[in-house]
Each structure stands twice: as structure tokens, then as C-alpha cells.
Amino acid sequence: MTDATEDQVKRLLAAAVPATVREVCAKLAAAGHQAVAVGGAVRDALLGREAGDWDVATSATPHQVIALFRRTAPTGIEHGTVLVILGKDDASKIEVTTFRGEGAYSDARRPDHVRFGVPLVEDLQRRDLVVNAIAYDPINDQLIDPFGGREDIARRRLRAVGDPVARFTEDGLRVMRAMRFASQLEFDLDPETEAGIAAALPSLAKVSRERVSVELRKTLATRQPSRGLVIAKRTAILLSVLPELDARIDDPSEWASRVDRAIPRVRLGALLAPLADPEADPLHLDREVVNRVLVILRALKFSNLECDLAAQLVGIVHASRGSEWTPVQVRRLLSELDRDKRVPAIELWESDRTPNRALIEEARRVITEGHALAIKDLAITGKDLMTALDMAPGPSIGRILVLLLERVIEDPSLNDSKQLLQAAQRLELEVGHGA
Ligand code: ATP
Ligand code: MG
């Protein structure tokens with residue numbers, strides 16, 4: 001790289017470094033320590049992307065950092081990280097981490113011991129990818145890029161720092177990060193680095209499922225999840241993390257493009273769509289599939305909200321194979337979903353390669369017109385029933401409400417209290433006698 005380019009890069013970084021980061025580095029430097037901005041924010045600034053959190057790395061020990069600043073919090077002190085608090089907002093809280101080298105990772109999860117007091121290059125050397133191993137010293141306006149990070153950014157490629165097999169095996173999460181960055185940065189994974197993934201899959205299996213799902217979630221939130229997903233499929237990352245799904249994917253590129261086409265909030269459902277049963281009845285939610293997906297996603301420690309949404313989406317994705325939808329059928333189908341899953345279901349159907357317009361349009365109409373799709377939407381409550389029919393509380397109330405809802409789904413014009421109470425009266429005789 002020529003000097004002119006290096007000057008330009010430094011000017012870019014000097015302008016991008018937030019005042020708070022500069023202030024932290026200046027104070028450390030004035031006390032005789034080395035202090036640099038490093039990691040994701042430096043990478044993103046060089047890419048012209050909005051940088052996330054700026055991280056500072058320093059030669060000062062955690063205790064020296066704590067002594068130097070008025071307010072700090074020992075957020076990750078065992079890893080050498082101290083949070084320096086300059087103000088109230090998040091941008092005024094800077095993570096400062098002591099340069100560290102890493103010992104062996106005998107369990108592939110956490111280093112056996114962290115070594116402090118190493119030079120900056122050694123700290124950069126333990127980082128995962130070359131593009132994440134660039135440091136900038138804002139006080140001395142110095143760029144520290146020992147592995148060619150700027151060149152990788154220019155060539156839009158991801159390479160492991162050093163030997164890919166060794167680096168990926170040390171910490172199995174790194175293969176997930178490589179996949180995620182392929183999507184997030186829209187970079188290509190260097191073939192030699194990709195070839196290092198296979199040997200690291202046993203390490204990936206030992207990584208906590210929380211950390212694995214963080215990477216999946218971040219991949220799904222990018223513009224083109226497919227970039228990472230096809231890598232996950234062909235390197236067997238997917239086989240390691242979601243074996244049941246992996247077995248069901250016939251056409252990886254079609255599977256991954258469906259995820260791209262889906263809007264972000266339904267992407268986890270789109271990802272798992274191949275788990276749907278191709279033989280299932282299109283007219284109904286497939287509860288067996290819902291349960292199967294719940295088990296899979298809970299094991300990966302996705303939140304309850306994420307699990308419930310994705311499970312119902314996969315349980316209903318096959319509906320778009322149905323044809324000739326009547327309004328009653330569409331209302332019944334939507335009534336089988338939780339209220340907050342109905343619009344997402346439509347959004348998932350919209351990501352089909354050939355969307356089922358008849359189903360989508362009718363479903364949109366049902367939602368807009370606000371038809372009753374759940375017992376709560378009925379014009380009468382269980383209490384009304386008990387008063388009007390002089391019934392005691394008990395299971396027959398619930399049974400009558402279910403039957404009333406079924407009628408209202410068939411004919412929405414029945415949803416007024418007078419008609420419902422009349423219908424309930426007749427039902428009470430039937431239900432009462434049947435019970
Ligand atoms: P983003 O914050 O945009 O997700 P990032 O690159 O900043 O991406 P962080 O998890 O914030 O990622 O980590 C900050 C830096 O720490 C990375 O840029 C990288 O240098 C290093 N790093 C993070 N995780 C690992 C890991 N598992 N192995 C090696 N180095 C890592
Ligand atoms: Mg970061």
C-alpha cells in the first residue's frame with residue numbers, strides 16, 4: 001500500500017474515532033501507556049460502515065486503568081476488560097482491555113489462562129480474522145496492521161489470523177463468526193480459511209448454545225443471510241448446529257435465497273422452513289411440526305418469543321401449497337395461530353418463490369377487516385353466558401365459546417351479542433346433554 005493511501009486511511013480513522021475514545025486513549029498515553037482503538041469499529045470505519053462499539057486495547061493493566069479514571073466498572077476484569085465511564089449515554093462507556101495473549105484452549109471454549117503484559121502485535125495475533133486485527137493509535141496517529149487487514153478489506157475477503165485450523169480449533173465459535181461476517185460484511189471467505197472449518201467442528205460442538213444462537217441471529221439480521229448460510233451448509237457448520245434441518249435441505253441455494261427474500265422478523269421461520277411436512281394438510285396449522293421446531297430452537301437457547309414465532313411459522317408455511325382458498329378456510333387457518341403470529345405468517349408466505357396470491361390477499365383482507373378469530377374477539381364473554389343462561393362456571397362455558405367461535409368464523413355476521421346468546425342457548429342444551 002502506498003504512503004498516500006496510508007495517509008488517507010489515517011485521516012479516515014482520525015475523523016471516525018469518537019471524542020470519548022480519543023479522550024480515553026489520551027489519558028492512558030499521558031500516563032505512559034500504549035492505547036489503541038481496535039477490532040470491529042476500526043474495521044467498520046475503514047469500510048465506511050457505521051461502526052458499533054469502539055473498543056480500546058492498552059498496555060496498562062486493569063488495575064492501572066481503574067486507578068487512572070474517575071469512574072470505571074470491572075465488567076470483565078478476569079479477561080482484562082474494564083469499562084471506563086465518561087458519561088451517562090452508551091457512547092460514553094468505553095471497554096478498555098489490557099493487551100493479552102492467549103494460552104492453549106484445552107476445552108475449545110475459553111483460554112486456560114490469559115497472559116497480560118504482551119506486546120500489541122501479540123494481542124492482534126490472538127484475534128479471529130485479519131480484518132478484525134487492525135489497530136489505530138489516535139494519539140500518535142499510527143496504524144498497526146501486521147497481517148494485512150487493509151488489504152483484506154480492499155479485496156473484501158475474510159482470512160483467519162495465522163493457521164485457520166489452529167485458530168478455529170482453539171475457539172469453535174470462530175467458524176460461526178466467519179460465517180456471520182461473510183453475510184454482515186458481504187465479504188468472501190478465503191478458500192484456505194474455509195478449508196480450516198471442517199477440523200474445527202468438534203470444537204464448535206463444545207461452544208455454548210447461547211453464543212451459537214447469537215451468531216445465527218446476527219447472520220439472519222443482515223442484508224444477505226444467504227452468503228453465510230451457504231457457507232454453513234457446505235462446510236457442515238449447519239450439520240453441526242442444526243442437524244435435523246441440514247438433513248431436510250435438498251436445494252441449498254433455494255433454501256438460502258428464501259431466507260434473503262423473507263423480511264428480518266420472519267427469517268428464523270424461513271431458515272427452518274424445510275422442516276415443514278410436505279404431506280401436511282394445507283388447511284391447518286401442523287402442531288406436530290410446531291412442537292418439533294420448539295424443541296430444536298429451545299435447545300439452541302433462542303428466547304421464548306423467537307421460539308414461539310418461528311415454530312408457528314414453520315407449522316403454517318406449507319399452507320401456501322393449498323389452492324382455491326375460501327374466506328372461511330383462511331379465517332379458520334389464521335384462527336389457529338396466536339394473534340401476533342398472523343401477519344408474520346403472511347410475510348413468510350410472501351417469501352415463497354411463487355407466492356400464493358389468493359391465500360395472501362384473502363389473509364390480508366381478514367386481518368384488515370378485523371374478523372373475530374379468537375374467543376376474545378367474540379361479542380360476548382363467558383361471564384355474559386353465565387348471566388344470560390344462568391349457568392355455573394365450568395368446562396361447558398369454554399366448550400360453548402369454542403363452538404360459537406367456529407360459527408362466527410363460518411359467518412362473521414353472527415358476531416353480535418343477541419345472536420350469540422341465542423345460539424348459546426341452543427348449544428347449552430346439546431353440550432349440557434352431551435356432557
Ligand atoms: P460486531 O461488534 O460488529 O459484532 P466485532 O468484530 O466488533 O463485531 P466483537 O465480538 O465486538 O466483534 O469483538 C471485538 C473484537 O474482538 C473482534 O473484532 C476481534 O478482534 C476480537 N474477537 C471477538 N471474538 C473473538 C473470538 N471468538 N476469537 C478471537 N477474537 C475475537
Ligand atoms: Mg464489536
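Visitor: Which residues gather in a patch of negative charge on the surface?

Guide: In this predicted model local features need pLDDT of at least 70 and side-chain atom pairs count only at pLDDT 80 or more, while totals for chains, interfaces and linings use all residues. Residues are numbered from 1 along each chain as its sequence is written, chains are lettered from A and ligands numbered from 1 in the order in which they are written, and side-chain values use heavy atoms, with hydrogens and water left out. A patch is made of residues with over 30% relative accessible area (Shrake-Rupley method, 1.4 Å probe, only the protein chains shown counting as cover) and no salt bridge, with like charges joined within 9 Å and nonpolar side chains (Val, Leu, Ile, Met, Phe, Trp, Tyr) within 5 Å. The negative patch on the surface consists of Asp 53, Asp 89, Asp 90 and Glu 95.

Visitor: Is Asp 89 buried, partly exposed or exposed, and at what relative accessibility?

Guide: Asp 89 sits in the loop between strand E4 (81–85) and strand E5 (93–98); helices (H or I, at least four residues) and strands (E, at least two) are DSSP runs numbered from the N terminus. Buried means under 20% relative accessible area, exposed over 50%, and partly exposed in between (1.4 Å probe, protein chains only). Asp 89 therefore counts as partly exposed, at 44%.

Visitor: Which residues form a positive surface patch?

Guide: Lys and Arg count as positive and Asp and Glu as negative, with His and the chain ends not counted; the charge is placed at NZ of Lys, CZ of Arg, CG of Asp or CD of Glu. Arg 71, in the loop between helix H4 (62–68) and strand E3 (72–76), is partly exposed at 46% relative accessible area. The positive patch is made up of Lys 27, Arg 70, Arg 71 and Lys 88.

Visitor: Which residue of E2 stands opposite Val 38?

Guide: Val 38 belongs to strand E1 (residues 35–38), where Ala 35 and Ala 37 on one side and Val 36 and Val 38 on the other are all buried. In a regular strand the side chains alternate between the two faces of the sheet. Two strands pair if DSSP finds at least two bridges between them, and E1 pairs with strand E2 (residues 55–58) in the antiparallel sense over 4 bridges. The residue opposite Val 38 is Asp 55.

Visitor: What is the bridge partner of Ala 37 in E8?

Guide: E1 and strand E8 (residues 135–137) run antiparallel, joined by 2 bridges. In E8, Ala 37 is partnered by Tyr 136.

Visitor: Which residue of E5 stands opposite Asp 55?

Guide: E2 and E5 pair in the parallel sense over 4 bridges, whereas E4 and E5 are antiparallel over 5 bridges. In E5, Lys 93 is the partner of Ile 85. Opposite Asp 55 stands Glu 95.

Visitor: What is the N to O distance between Arg 365 and Glu 369?

Guide: Both residues lie in helix H21 (residues 357–369), 4 residues apart, about one turn of the helix. Arg 365 is partly exposed at 36%, and Glu 369 is partly exposed at 45%. Their salt bridge has an N to O distance of 3.1 Å.

How values were computed
Salt bridge = Lys/Arg side-chain N within 4 Å of Asp/Glu carboxyl O.
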